[in-house]
Amino acid sequence: MADDKRGRDKQAHDAERRQQEREVATELEREDEIEPPVEAEKIADFEAELEELTFPATGIEIVAAIGDREIESVEGSYSIEELVPEIDEETFDSPAALRVQVQRPTVAAAMKRVVEASKTLRNTDFSWTQRKAYEKTFQELKAIDADDDDEGIQVISDWIVERIRDKETLPTSRAVRREAAKFCRANGYQVRNDEWLGI
């Protein structure tokens with residue numbers, strides 16, 4: 001491969017794709033951790049419906065095909081269109097990648113809002129690593145606030161969307177973690193410095 005901009009871009013894209021595949025595999029192995037409130041048999045029924053789709057599939061294709069399909073979780077019912085960003089840039093390589101997305105519905109719904117808001121920005125790349133950092137922050141808020149009504153997730157996703165609208169830029173993952181830690185401490189949740197939110 002030639003050492004030019006196109007070659008370096010391809011290498012970076014390939015490296016990001018491999019990282020995504022590794023993270024999907026890891027998520028599938030760790031299904032029993034925080035908030036997979038969607039039961040395995042309901043996910044199996046959902047995956048059967050995915051057979052009509054051709055993968056890789058975009059968020060728009062998925063929502064068009066099965067957007068009204070409901071997924072039941074311990075926290076309520078969610079439609080696929082509430083969990084999957086309805087944009088062409090959101091691509092799922094396999095049914096497993098989509099399954100990982102919908103298994104944690106409160107996190108998926110928050111990420112949908114953030115991803116769709118980020119598409120209003122010009123010349124902004126919402127990288128996979130930044131997205132994963134946002135997701136990890138939402139998952140940590142879910143773990144801290146597990147018995148509550150996910151107020152932390154809602155507050156932080158609102159804050160991110162407001163920053164996108166007002167400042168026309170994506171907040172850094174560190175800024176998101178800092179804001180989440182501030183929310184936790186203001187609401188009486190202890191956040192240690194050696195934890196993800198402990199900035």
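First, the ground rules. The model is predicted, so local features need pLDDT of at least 70 and side-chain atom pairs count only at pLDDT 80 or more, while totals for chains, interfaces and linings use all residues. Residues are numbered from 1 along each chain as its sequence is written, and side-chain values use heavy atoms, with hydrogens and water left out.

Now the overall picture. The protein chain has nine helices and four strands; helices (H or I, at least four residues) and strands (E, at least two) are DSSP runs, numbered from the N terminus. In order from the N terminus, the elements are α-α-β-α-β-β-α-β-α-α-α-α-α. Of the 199 residues, 45% count as buried. Buried means under 20% relative accessible area, exposed over 50%, and partly exposed in between, with a 1.4 Å probe and protein chains only. Among contacts in the protein chain with a separation of 6 or more, 67% are between residues 24 or more positions apart. A contact means heavy atoms within 4.5 Å.

Next, the largest pocket. How much space lies in the largest pocket? About 870 Å³. Of the 33 residues that line the largest pocket, the closest to its centre are Gln20, Glu90, Thr91, Trp128 and Arg131. For the method: on a 1 Å grid over the protein atoms alone, a pocket is an open set of points where a 1.4 Å probe fits, with protein on both sides within 12 Å along at least five of seven lines, and lining residues have an atom within 4 Å of a point. Grid points are joined across faces, edges and corners, and the volume is the space filled by probe spheres set on the points.

Which element gives the most to the lining of the largest pocket? That is α1, with nine residues. Helix α1 (5-29), β4 (91-92), α5 (95-103), α6 (105-118) and α7 each supply at least two residues of the lining. Domain 1 (1-103) and domain 2 (105-198) each give at least three residues to the lining; the domain bounds come from an automatic or database domain assignment. By class, the lining has 12 nonpolar, seven polar and 14 charged residues. Here Ala, Val, Leu, Ile, Met, Phe, Trp, Tyr, Cys and Pro count as nonpolar, Asp, Glu, Lys and Arg as charged, and the others, Gly among them, as polar.

Two residues of α1 next. Glu16 lies in helix α1 and is partly exposed, because its relative accessibility is 33%. Leaving aside neighbours within four places in sequence, Glu16 is in contact with Ser127 and Trp128. Glu23 is also placed in helix α1, and, with the neighbours within four places left aside, Glu23 is in contact with Trp128 and Lys132. Glu23 and Val100 are 77 residues apart in sequence and 9.7 Å apart in space, C-alpha to C-alpha.

Val100 takes us to α5. Seven of the nine residues of α5 are buried, so α5 is largely enclosed by the rest of the structure. Val100 is one of those buried residues, along with Leu98 and Arg99, among others.

Last, α9. The buried residues of α9 include Ala175, Arg177 and Phe183, and what covers the buried residues of α9 includes α7 (128-144) and α8 (151-167). After α9 comes Gly188, whose phi is positive, near 85°.
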